[in-house]
Amino acid sequence: MKTKHKRSFEEKLPLILAFVLPILIMLGIFAGKEIWPFGENCFLRTDLYHQYIAFFENYGERLRAGESLTYAFEIGLGSNYIALLAYYLSGPMHIFAFLIPQGWMIEFITYLIVLKIGLCGLTMAWYLSKRFDSRHFGIAFCGVCYALSGYLAAYSWNIMWLDVLWLAPIVIYGLEQLVEKNRPFLYVISLGLAILCNYYISIMLCIFLVLYFLCRMICLPKTSLRQLLLKCFNFAFFSLLAGALAAVLLIPAAYALMGTASANTTFPKTVSNYFSILEMLSRHLVVVEVETGLDHWPNLYCGVGVFLFVPLYFMNRDVNYKEKIVNTVLLAFLLLSFNTNVLNYIWHGFHYPNSLPCRQSYLYNFIMLIMVFEGIRALPKITKGKLLGTMAGAIGLILIIE
């Protein structure tokens, strides 16, 4: 019995670490920055300070008082509250705002962000464990890298986006189950929940799912035309069904957006690029500052280990050549999307973002970390000569970028 219990704990340990380590690291950062309870500072910044805290406080008051969640008379001369709810407040954990005493909302939001960062690490590790049927400690490493990526460093204060980030690995695994085993349940429920939590970041997830579906179809073993058409139908049908599950908020929010300035944007008439390939690669370095302003720099950092483990991924003979090709092409397309105005416009819901660029870059990190994990698993089979050569090449590339 003891042996069985120990083995079970060892299997769970990578998942536990992927959840706990990001939380502990965030608490360490809070202690260093003297953020409560380690000091008198708070985590609020930018719109989290100017807008979100007020929205959460009002939301908690409405829930406690049983007031309307569809219309607010105290905003100007009256405002459509359901549109605000759909974008900022519809995450499943946000409903606990009604339990928070007055004056404690800042602390609630701060540690809810920390919890969601931990969930990002957990679901990324869970995805890798399910897809590769593995409890290798590399899944904990990749989970922590996903949770503490440059994207989270830049945008963690956008608390309403984070639900989609921790749900994304579950949605993508659900899509794989749909394509490979014709099992739609996980895909429909998780995608519907992601759209319900934040429709805007889910736009980027949905675009990615179309691309990833094509990648998975290419990687399938030889399949009849009838089966391929059935899988395409299933993908379209169950994706629409997931959207229908969120329609209770999606339709009113879409109607409200029709009356805003975002509805009047025009498609770019010319194609232009923002930066060079080396400048793009530099965004993988730890010392590069995150971008939250009007420049177009993507936040791509997810551990400098990518410079070592991605080359090892390509050396890993256990990875099917189709997988290597489609993952490389998908990464290249995502990089092109960061760098090209037309693709940038499409990814952001046919709209140029007002600061906070490349809001879909968490999906780039996701694919990159899949490759990193496969590279980590290849380590025991790599000769010392190849490993030293790869390390030298990685260091050389970093120095060139520097």
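Predicted model: local features only at pLDDT ≥ 70, side-chain atom pairs only at ≥ 80, totals over all residues.
**Close-up views of charged residues**

View 1. Arg135 counts as partly exposed because its relative accessibility is 37%, where buried means under 20% relative accessible area, exposed over 50% and partly exposed in between, with a 1.4 Å probe and protein chains only. Together with Lys130, Lys181 and Arg183, Arg135 forms a positive surface patch (residues with over 30% relative accessible area and no salt bridge, like charges being joined within 9 Å; Lys and Arg count as positive).

**View 2. The salt bridge of Glu176 and Arg131.** The side chains of Glu176 and Arg131 meet in a salt bridge at 3.5 Å, N to O (a side-chain nitrogen of Lys or Arg within 4 Å of a carboxyl oxygen of Asp or Glu). This pair links distant parts of the chain, with Glu176 in helix 7 (residues 162-181) and Arg131 in helix 4, 45 residues apart. Glu176 is buried, with a relative accessible area of 3%.

**View 3. The salt bridge of Glu323 and Arg216.** Glu323 and Arg216, both of them buried, form a salt bridge of 2.8 Å, N to O. Glu323 lies in helix 14 (residues 321-339) and Arg216 in helix 9 (residues 199-219), so the pair ties together parts that are 107 residues apart in sequence. A network of salt bridges links Arg131, Glu176, Glu180, Arg216 and Glu323.

**Notes.** Residues are numbered from 1 along each chain as its sequence is written. Local features need pLDDT of at least 70, side-chain atom pairs count only at pLDDT 80 or more, and totals for chains, interfaces and linings use all residues, while side-chain values use heavy atoms, leaving out hydrogens and water.

Note on methods. Patch = residues over 30% accessible without salt bridge, like charges linked within 9 Å, V, L, I, M, F, W, Y side chains within 5 Å. Areas by Shrake-Rupley, 256 points an atom, 1.4 Å probe, with all protein chains shown as cover. Charge placed at Lys NZ, Arg CZ, Asp CG, Glu CD. Helix = DSSP H or I, 4+ residues; strand = E, 2+ residues; numbered from the N terminus.
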